[in-house]
Amino acid sequence: MERERLRELDRVVLGEIWTSDEAWRNLVYLCDDLGHRFAGSEQEWQAAEFLAERLRAYGLENVRLEEFPMVTWERGPCQLWVIEPLERELPSLAMPYCPSAHLEAEVVDVGEGELPDFDRLASEIPGKIVLTDAETNRPGERKSHRTDKYNWAVQRGAVAVLFVNQNPGQLHITGSLTGRNPNGTSALDREAPIPGLGLSYETGMFLRRLAKRGALRVRIATENRTREARSANVIGELPGRTHPEELVLVGGHYDGHDIAQGASDDGAGTVVGLEVGRALSRLRGQLARTVRVICFGAEELGLLGAYYHAARAAAHDERIRFVLNLDGAGRGSGGQEQLVLSGLPELVPYFQAISRELPYDFTIRDELNAHSDHFPFALRGIPNATLSSRDATSGMVGRGWGHTEADTLDKVTLRSIQLAAALAARFVIRLSEDEAFPGRQRTPEEVRQQLVEAGLLERVRASEGNVI
């Protein structure tokens, strides 16, 4: 790569990003005007049309909605009562794909809810309601995901699961539940086999204090609806000059949970992707490879948009050079960006060199995980990474404000969006221009080995058997 030419390209995009508040105005519209954008809802579809209109206005080409069928979920009333050792109604919410249910049972507390906890209490779980922490990881830690804990409870005969948020503040935790048949496509397949409710930290601690007195018995009543619907990926492109058949994908997911605005997860990442497209449009005809800006639909309900796009790209033999996922980019006050590669050690020194060249410090990690839109591409061996921004919840557990009522616009700033967009745009320029890029597509056998090393193979075989 020619260093001076790259610097000149950088100057163009940085000037565009740092002299505009366009990204902030886009985020305000998504969060304040539209609201939650739950996958399959009218708000999500309105957001898709808005994003497509913005991409056209910025001059991107081949702008389209890549529509796909999916199964959505509609929340109804949810009630939780303590029956023993006292009587009390407690606040709770049903988690996406929770079935309608009316049941009463004793509670067994599995604490943090790691696999050894479930194994230790396996004989006590059948016919009981499991009480477990939701995500417990702190920044840099790797702990079991909510869906792992839910599946372990189902496998051991639980009749319901209560998830406790680990961050105080009377915030209910949410997140989708695994369906009866993960490989199925009908509403019945996608509906969860047993109820899963989200509780605040305070409610969870109250239940645990009651459990110490002896038998804890509760009643659950919830009415919800799982139905067939549609979602869409929003796509726009800047065709490459010399290698238009090779693609660099960049973008985040625009859907969110129905209890909040989804500002940081992932409205901010979505507008970072839009801003990358807007700034790079100033370089029309100058970049070697095609840049595809993509806003993924239905991420929160199982990475549905990303799986659909990855499968279509494979079916059309598209040559994807790199996927830069923006889930969590642009949060907080900015300046604490982190790039997580997916089991690609040869790319760590590559991005370290970029950090020195820019110069701009950002954290680099190499760790394959299955819980964002990069993963369907990782399963097909495509080099990828997720760019995120640490925010004011960095001392909190799990997602912090994410997946709670507190994921609101006030947790994001224009500066954080600008910093993430500036870094992402400079990544994309280099990924497009570098003829000596060391990334390569993994073979299916290499992907299997990556999954084995990450402890993900059995989970993937159970839920994505058509891929691996």
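**Exercise 1. In which loop does Ala 298 lie? Describe its backbone and its surroundings.**

Keep in mind throughout that this is a predicted model.

*Solution.* 
Step 1: find the residue. Ala 298 sits in the loop between β12 and α9 (304–315).
Step 2: look at the backbone. Phi of Ala 298 is near 55°, which is a positive value in a residue other than glycine.
Step 3: check the accessibility. Ala 298 has 0% relative accessibility, so it counts as buried.

**Exercise 2. Now turn to Arg 37: is it buried or exposed? Find its loop and its phi as well.**

*Solution.* 
Step 1: The loop between α2 and α3 holds Arg 37.
Step 2: read phi. Arg 37 is not a glycine, yet its phi is positive, at about 60°.
Step 3: apply the cut-off. Buried means under 20% relative accessible area. Arg 37, at 0% relative accessibility, therefore counts as buried.

**Exercise 3. Describe how helices α1 and α12 pack: at what angle, and how far apart are their axes?**

*Solution.* 
Step 1: take the geometry. Helix α1 (residues 3–18) meets helix α12 (residues 414–433) at an angle of about 150°, and the axes are 10 Å apart.
Step 2: classify the angle. Angles over 145 degrees count as roughly antiparallel, and α1 and α12 are therefore roughly antiparallel to each other.
Step 3: The crossing of α1 past α12 is right-handed.
Step 4: list some of the residues in the contact. From α1 they include Leu 6, Leu 9, Val 13 and Ile 17, and from α12 they include Leu 419, Ala 422, Ala 425 and Ile 429.
Step 5: sort the contact by class. It has 11 nonpolar, one polar and six charged residues.

**Exercise 4. Examine helix α3. Which of its residues are buried, and which elements do they pack against?**

*Solution.* 
Step 1: check the length. Helix α3 (residues 42–57) has 16 residues and reaches 23 Å from its first C-alpha to its last, close to the 22 Å expected at 1.5 Å a residue.
Step 2: pick out the buried residues. These are Glu 44, Trp 45, Ala 47, Ala 48, Phe 50, Leu 51, Ala 52, Arg 54 and Leu 55.
Step 3: recall the helix repeat. An α-helix has 3.6 residues a turn, so residues three or four places apart point the same way.
Step 4: find the partners. The buried residues of α3 pack against α2 (22–34), β1 (61–74), β10 (225–238), α8 (263–280) and β12 (289–295).
Step 5: step just beyond the helix. There, Gly 59 takes a positive phi of about 90°.

**Exercise 5. Follow Arg 230: which residues is it in contact with, leaving aside its neighbours within four places in sequence?**

*Solution.* 
Step 1: locate it. Arg 230 is part of strand β10.
Step 2: name the contacts. With those sequence neighbours set aside, Arg 230 is in contact with Gly 40, Glu 44, Trp 45, Glu 67, Phe 68 and Met 70.

Note on methods. Residues numbered from 1 in each chain as written. Predicted model: local features only at pLDDT ≥ 70, side-chain atom pairs only at ≥ 80, totals over all residues. Heavy atoms only, no water. Axes fitted to C-alpha atoms, helices over the stretch in contact; angles between N-to-C directions. Helix = DSSP H or I, 4+ residues; strand = E, 2+ residues; numbered from the N terminus. Parallel < 35°, antiparallel > 145°, perpendicular 65-115°, else oblique. Left-handed = near helix turned anticlockwise from the far one by under 90°. Contact = heavy atoms within 4.5 Å. Nonpolar A, V, L, I, M, F, W, Y, C, P; charged D, E, K, R; others polar. Expected span 1.5 Å × (residues − 1). Buried < 20%, exposed > 50% of the residue type's maximum accessible area, 1.4 Å probe, protein only.
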